[in-house]
Amino acid sequence: MADSMEIDDSLYSRQRYVLGDSAMHQMAQSSVFLSGMGTLGVEIAKNIVLAGVKVVTLHDSRLCDVWDLGTNFFIREEDVQKQKKRVEAVHSRVAELNPYVQVNSSTVALDDITDLSFLLQYQCVVLTETSLNLQKRIDHFCHSQRPPIKLHHPKLYPLKIFVACDVLGMCSRVFCDFGESFEVWDPTGEEPKELFIQNITQENPGVVMCLDNRMHGLQTGQSVCFREVNGMTELNGTTHQIKVLSPYSFAIGDTSSFQSYLHGGILRTVRVPRTFHFATMEQQLHDPKLLIPDFSKPEVPLQIHTTMMALDLFQEHHSRLPIAGCVQDSEDLLKLVEEVNETLKSKACMNAALVRCVSRCARGCLAPLAAAVGGIASQEVLKALTGKFMPLQQWFYLDALEVVQPLQTLPLEEFASRGDRYDALRVCIGESLLSELHKLRVFMVGCGAIGCEMLKNFALLGVGLARCSGEICITDPDLIEKSNLNRQFLFRPQHIQKPKSITAAAATLDINPELRLEAHLNKVCPATEDAYNDTFYSQLSVVVTALDNVEARRYLDSRCVSNQKALLDSGTMGTKGHTEIIVPNLTESYNSHRDPPEEEIPFCTLKSFPAVIEHTIQWARDKFESAFSHKPSMYNTFWQSHLSTEDVLHRMKAGESMDGAFQVIKLLSRRPARWEHCLALARLKFDKYFKRKALQLLHSFPLDTRLKDGTLFWQSPKRPPNPIEFDIKDPLHFGFLVSTARLFAGIYNVPYTEKSLSFESVSGVLTDVTIPEYKPAEKRIETDETVKKPDQMKLTVSSAEEREAISQLEEAITTGFVTQECLRMSPLVFEKDNDSNGHMDFVEAAATLRARMYAIAPADRLQAKRIAGKIIPAIATATAAVAGLVALELIKVAGAYGFESFKNCFFNLALPVVVLTETAQVKRTRIRDDISFSIWERWSIVGHEDFTLSDFLSAVREKYGIEPTMVVHGVKMLYVPVMPGHSKRLKLTMQKLVKPSANRKYVDLTVSFAPEADGDEDLPGPPIRYHFCNRA
């Protein structure tokens, strides 16, 4: 794909926001050679084909084996029966992931005597399942072929980058050699940040203070560029490296000779390219640069580095890996580890237990570990091809020690082969734990990108087998869209507009037919609690989230806490990912912590004082919502709620106040009947938004307006508007007009033709449109940033406006204008991914015009779409990694492991950073010295038909030894002693107070308790479940 060729946004839209168009074009010109179609190779193949490279050659010479069915999600039973070569089996399945990628296959010998010149056609060489000697040979070939390059000019230099990866049992590794000098043009991938300036000192070094003491979030060494600075104008257009002094200030160098700072100014972070230097594998083996993922065991990566080198030697000597449980093999490996350790520049601390653990399971494979490391390795391949993000230097080791180590004392029969698809997994975790995985009853919410990857892992692990009474229940209300195909690898083009859950279930059963899978189309929320009630949760083993919003996570977490179920949560944003493991009675829950709320743009900023392009895009998005969604919905609701227009007129004439009547009648009186009327409405909107608004602001606040302290009103971040005169020859003006008219036609059900959209047709209509003369109004314009947007339904209507509304409605009725069709509108639902509907055309044109009005640099359509559509950037590499990490934790949940075994993770593959941490241990809340509780605890009281509130309080007092003082059910206060009349409730039955539905067996009540000392606040307690009597 040449730089000028278009990127298929309908497929790649989410990934474009991660990589950017330059990197996407670069990738689409690149070729990759990938050797080894085992569990790790097929993961990498999937990820880089989904990403959209130009050519991938898959290389392998082995035959399919039963073993592969539990490790390779693209090999099927018929492939094993027909003794197909692995590369032959996976080739077509990999190729159908992305029609833009040419996928080739190769079975040629690749060994110590192979002529490597064929690799010159590839920009990146990736090896898996390859001997260490061959890895060193091919790395040396790639390293020597490649002079220092600049990735901005890929055709000028032969790009030969080497990546090697392995997964052996509980251990995995990634090695990267990007050559002696590799330039990265965008090290972090973070969006440039803009900040407003409060002050700049005139000294050495000059200190910059951010406006309103806002935290800048910058780091020492970053570079920033200045513009629109008044006074110290020497800074404008210049770039400076910063040194952070505080969260609100930083130094930029000598400003002592500059003019004094007056006011204003905006700074923007600048991407600065970085050059990285790499050594060959031969050099790195004995003096490795290691990325440490888990600082609770920082010594382990070097220990595993040494042990995996020894495993390579073991294979060289024995032509096989150690046999599980073979003491002699274990001792031989230990001796080899000692020999290898002597060759290291920095010696590893010997760990015989770890070596024996590696030896026992080296022949096995943990598919989730391959998924996690495959995601990480794939991202390194994309870095190699694009020069975007910082490459790994140079080794990364990820282990599953916490999964395997507790199983060391099990008898050897546990790990013996049984000739089925689970042998590779059985070698690592044993038959007993494997059986627990088979018996799991899993509820997964969401079947998007993470959901697809999780289902793949479930299939390979044998989670929820029908023959073991296990089950996987999945639910997702969404249909498949084309943009999903770039990450949600279980879906194909023929599945577009089909349900995600049903399609994903069928694809998963194709990987492993032994699973029992039930697919639903429901949301999980309070409205579906009849389907997902406590009985449903009581039958589950674990809940897994594959969600994209916090609110749904919080709700699901509350249900899991209430029902004592483990919850495995994860999420991604671009190259960042996180996992959180929540286990009953061991860890805190998701709701135990609160992320800071997303910062909202102040109402007055959006309405009158935009300062950056984000403000104008959000303004345009809000205008769409108001004019084409909210108002039509309000209109329909109003007329559905009232008998007739005559009834409304009668009630208004009688002086009755009716919410929304003024707005609704205004819409009725202006309702367009023809396309020409829609164009006229659009032309009036242009005048209102981009001319009259500016004139009114400048009337209310002339350019020389000063505040009480004498400073200018119009200074950064406030920008004075410039009224825009309509010019139909300006493509932006014309685009706004047509897109707005189309949307009006949509909500009012007005037909139009393609010819109606032509320049000639539109300009002909506009000649008859009269634009009223602007007259300034004496109205207050809000400048207080703390004031919220008013509710349009609750706005005060003047008596004159009421009379006008009555007159308009009366006229509409008497002229026969009102019909049933006139009392209906068609609200629009904003859809960002359908370019034919005109939604983004309106938002982009409106946002750009407003930006022009306020002299703000415009955004391109891609940026406008991301902001308006609140698009979360996404890429398959991060999704695969996060799902693999969660699946490893699922094994621990199935095995009922202890608290210290579980790990949460945060990673950013762009940097790359991987941080594994212990989960947050559950806290206990003290009520009194001898009474405490955690979030997982629930007290219970069993009542009977005549059980009164007084009986309930006495029962709590007697059973738990503490005096209850307040009882609440949901938001209803059942008993608060200080409230009038509540003492009388003591004699009422619980059934009468709570009023449960007929099939309700119990309710959870919130109860507060008496403090130890008078005057102290009431003490919180755990939920108390009150059980009604005799309920079926």
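This is a predicted model: local features need pLDDT of at least 70, side-chain atom pairs count only at pLDDT 80 or more; totals for chains, interfaces and linings use all residues.
## A helix across the sheet

The strands under discussion belong to an open sheet of 8 strands with mixed pairing, in the order E20-E19-E18-E21-E22-E23-E24-E25. Its edges are strand E20 (517–520) and strand E25 (913–918), each of which pairs on one side only. From one strand to the next, the twist averages 15°. Within the sheet, E22 (residues 566–573) and E23 (residues 576–582) run antiparallel and are joined by 7 bridges. Here serine 570 stands opposite threonine 579 in E23.

Let's turn to helix H26 (residues 861–868), whose buried residues are Leu862, Ala864, Lys865, Ile867 and Ala868. These buried residues pack against three other helices: H1 (9–27), H18 (613–641) and H25 (839–853). Just after H26 comes lysine 870, with a positive phi of about 50°.

Helix H2 (residues 39–51) is mostly covered, with 13 of its 13 residues buried. Its 13 residues should span 18 Å at 1.5 Å a residue, and the 19 Å between its end C-alpha atoms agrees with that. Glycine 52 follows H2 and has a positive phi, near 105°.

## Aromatic pairs

There are 45 aromatic pairs in the structure. Phenylalanine 628 is buried at a relative accessible area of 2%, and phenylalanine 744 is buried at 5%.

Another pair, phenylalanine 947 with tyrosine 1026, is stacked: 5.6 Å centre to centre and 25° between the planes. Phenylalanine 947 lies in the loop between strand E28 (939–942) and helix H28 (949–960), while tyrosine 1026 lies in strand E33 (residues 1024–1027), so the pair ties together parts 79 residues apart in sequence. Phenylalanine 947 is buried, with a relative accessible area of 9%; for tyrosine 1026, also buried, the value is 1%.

## A cluster and a lysine

Phe628 and Phe744 also belong to one aromatic cluster, whose members include Trp619, Phe624, Phe686, Tyr689 and Phe842.

Finally, have a look at lysine 718. Its charged end sits over the ring of phenylalanine 609, 5.2 Å from the ring centre, and also over the ring of phenylalanine 713, 5.3 Å from that centre.

Notes:
Residues are numbered from 1 along each chain as its sequence is written. Side-chain values use heavy atoms; hydrogens and water are left out. Two strands pair if DSSP finds at least two bridges between them. Helices (H or I, at least four residues) and strands (E, at least two) are DSSP runs, numbered from the N terminus. Axes are lines fitted to C-alpha atoms, for helices over the stretch in contact, and angles run from 0 to 180 degrees between N-to-C directions. Buried means under 20% relative accessible area, exposed over 50%, partly exposed in between (1.4 Å probe, protein chains only). Contact means heavy atoms within 4.5 Å. The expected span of a helix is 1.5 Å times one less than its number of residues. Rings of Phe, Tyr and Trp (its six-membered ring) pair if their centres lie within 6.5 Å; planes under 30 degrees apart count as stacked, over 60 as edge-to-face and the rest as tilted. A charge sits over a ring if NZ of Lys or CZ of Arg is within 6 Å of the ring centre and within 35 degrees of the ring normal.
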